[in-house]
Amino acid sequence: MPKVLISDKLSPAAIEIFRRRGIEVDFKPGLSPAELRAIIAPYDGLAVRSATKVTRELMDAAPNLKVVGRAGIGVDNVDVTSATARGVVVMNTPYGNAITTAEHAIAMMFALARQIPEASASTKAGRWEKNRFMGVELFGKTLGLIGCGNIGSIVANRAIGLHMKVVAFDPFLSEKRALELGVEKVELNELLDRAEFVTLHAPLTEHTRNILSRENLAKLRKGARLINCARGGLVDEAALYDALASGHLAGAALDVFETEPATESPLFGLENVVCTPHLGAATAEAQENVALQVADQMADYLLSGA
Ligand code: MLT
């Protein structure tokens, strides 16, 4: 009977599935890297979210490991190169939390346009600052999507519903798909020039790291607003601070940071910045979906005679 270890907080639905499919499963979230290395040897599968770092050292201590399942989209907490070299399959759940993450991006866009977090804090503090919070409408504005895959295309759909004009930069987006989605496919420079709101929906790779570099942030039109619910390393945070502080950008809404957990950042001191602690996938529905999907996928693989 294959053995799976769940080392992050996954919905109990995943445990149920493994058991139902005849897989022995242990649920041990919150172990330190050393504790995890000490117990990993007998396991055939490891199911994680983002807290566990699946490093080469961990895999060195896991001679039986055949599959790492990431309940979520990004596999940046898994050393995929080392896993591949060992014949360990790495799988993710690219669809399970896409709607939830897209909805968070839209929520962040509204929060930014209407300064909702600041207005809420001020109202709760007993100040009735009706004249302080003058927002902007989304209606008729141009939204630039950097990345138009699973999540970006859902954001496009919702934004079109809000009567925004959507332009997208994504080298993998075909003209046919762009047409189906109702978005205009453009090059990055054109997007930076035209978009009044820019939202990132790309994975962090060697090609996308710092895609919003100092130089590219400077190319954004004055008064643009940026939303990042994808990965922190996509944006040069020091340059973003300067662009916001100088007034070149009107605001930014950030769910992700170069270093996480992000407990301090100069960006936190800016009034025109809205922040959340990597909550993109944090809904009950998404967590249930990714847990079910990762457990089924891992069980399929382990029971296929891998
Ligand atoms: C993902 O990659 O699935 C999201 O960023 C959510 C997460 O990391 O938990």
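Begin with helices H1 and H12: H1 passes H12 in a right-handed crossing. This is a predicted model.

**Stop 1: H1 and H12**

Select residues 12-20 for H1 and 284-302 for H12. Their axes come within 8 Å and cross at roughly 25°. Angles under 35 degrees count as roughly parallel, so H1 is roughly parallel to H12. Now show the side chains at the contact. H1 contributes Ala13, Ala14, Ile17 and Phe18. H12 contributes Glu288, Ala291, Leu292, Val294, Ala295, Asp296 and Ala299. Colour them by class: 9 are nonpolar, none polar and 2 charged.

**Stop 2: the two domains**

Zoom out and colour by domain. Domain 1 is 3-93 + 284-302, and domain 2 is 98-275, according to the domain assignment. How many residues of domain 1 are in contact with domain 2? There are 4, and they meet 4 residues of domain 2. On the domain 1 side, the touching residues are 1 nonpolar, 1 polar and 2 charged.

**Stop 3: the ligand**

Select the ligand and its shell. Around the ligand are Arg49, Ser50, Gly72, Ile73, Gly74, Asn97, Gly280 and Ala281. By class, this shell has 5 polar, 2 nonpolar and 1 charged residues.

**Stop 4: H5 and H7**

Select 98-114 for H5 and 150-161 for H7. Their axes are 8 Å apart, and the packing angle is about 50°. H5 and H7 are therefore oblique to each other. Check the handedness too: H5 passes H7 in a right-handed crossing. From H5, pick Ala98, Ile99, Thr101, Ala102, Ala105 and Ile106. From H7, pick Asn150, Ile151, Ile154, Val155 and Arg158. Together these contact residues are 8 nonpolar, 2 polar and 1 charged.

**Stop 5: a positive phi**

Follow the chain out of H5. Gln115 sits in the loop between H5 and helix H6 (116-124). Look at the backbone here. Gln115 is not a glycine, yet its phi is positive, about 50°.

**Stop 6: a cis peptide bond**

Finish at Pro261. Where is Pro261 placed? Pro261 is in the loop between strand S11 (249-254) and strand S12 (273-275). Select Glu260 as well and inspect the bond that joins the pair. The peptide bond from Glu260 to Pro261 is cis. Its omega is near -5°.

Conventions: Residues numbered from 1 in each chain as written. Predicted model: local features only at pLDDT ≥ 70, side-chain atom pairs only at ≥ 80, totals over all residues. Near = placed C-beta within 6 Å. Nonpolar A, V, L, I, M, F, W, Y, C, P; charged D, E, K, R; others polar. Axes fitted to C-alpha atoms, helices over the stretch in contact; angles between N-to-C directions. Helix = DSSP H or I, 4+ residues; strand = E, 2+ residues; numbered from the N terminus. Parallel < 35°, antiparallel > 145°, perpendicular 65-115°, else oblique. Left-handed = near helix turned anticlockwise from the far one by under 90°. Contact = placed C-beta atoms within 7 Å. Domains from an automatic or database assignment.
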